[in-house]
Amino acid sequence: MAKRLIPTLNRVLVEKILPPSKTTAGILLPEKSTKLNSGKVVAVGPGARDKEGKTIPVSFKEGDTVLLPEFGGSQVKLGDKGFHLYRDEDILGTLHD
């Protein structure tokens, strides 16, 4: 049974990117050298509302690769996959190639 989570307000659903533990040649990489706390945005909420009732849009869109804080967010499990739910202002930035 497939479930689709639509975040509320200014929340962003992120799937963390797990760095490879070894190279294509089979060399094992130390855990600390591959640690970059990043993730792929899976879904975004419609945005928060200001005092006048106007919607403040979320800064990210689905498919963005984002830099995440070391701590925070709420873990969510949908089926056999794990995700994290962050507020828009908690995400540190967008990563580009």
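This is a predicted model: local features need pLDDT of at least 70, side-chain atom pairs count only at pLDDT 80 or more; totals for chains, interfaces and linings use all residues.
Trainee: Let's take a residue, then. Why is S38 called buried?

Mentor: Its relative accessibility is 7%. Buried means under 20%, so S38 counts as buried.

Trainee: Where does S38 lie, and which residues is S38 in contact with, leaving aside neighbours within four places in sequence?

Mentor: S38 lies in strand β2, residues 38–44. With those neighbours left aside, S38 is in contact with K16, I17, V66, L68 and L95. Each of these counts as a contact because heavy atoms come within 4.5 Å.

Trainee: V44 is also found in strand β2. Why is V44 called partly exposed?

Mentor: V44 has a relative accessible area of 23%. Buried would need a value under 20% and exposed one over 50%, so V44 falls in between and is partly exposed.

Trainee: Which residues is V44 in contact with, again leaving aside neighbours within four places in sequence?

Mentor: The list is P7, R11, V12, V58, F60, K61 and E62. As for V58, it is 14 residues from V44 in sequence, with a C-alpha to C-alpha distance of 7.2 Å.

Trainee: How do you know that β6 and β7 pair?

Mentor: Two strands pair if there are at least two bridges between them; β6 (residues 74–78) and β7 (residues 81–87) have five, so they pair. They run antiparallel, and S74 stands opposite L85 in β7.

Trainee: What do β6 and β7 form, and what is the phi of G79 in the turn?

Mentor: The two strands form a hairpin with two residues between them. G79 in the turn has a positive phi of about 65 degrees.

Trainee: What makes the phi of L9 worth a remark?

Mentor: The phi of L9 is near 50 degrees, a positive value in a residue other than glycine. Most residues other than glycine have a negative phi. L9 lies in the segment before β1 (11–16).

Trainee: And why is L9 called partly exposed?

Mentor: Its relative accessible area is 43%, which is between the 20% and 50% cut-offs, so the label is partly exposed.

Terms used. Residues are numbered from 1 along each chain as its sequence is written. Side-chain values use heavy atoms; hydrogens and water are left out. Buried means under 20% relative accessible area, exposed over 50%, partly exposed in between (1.4 Å probe, protein chains only).
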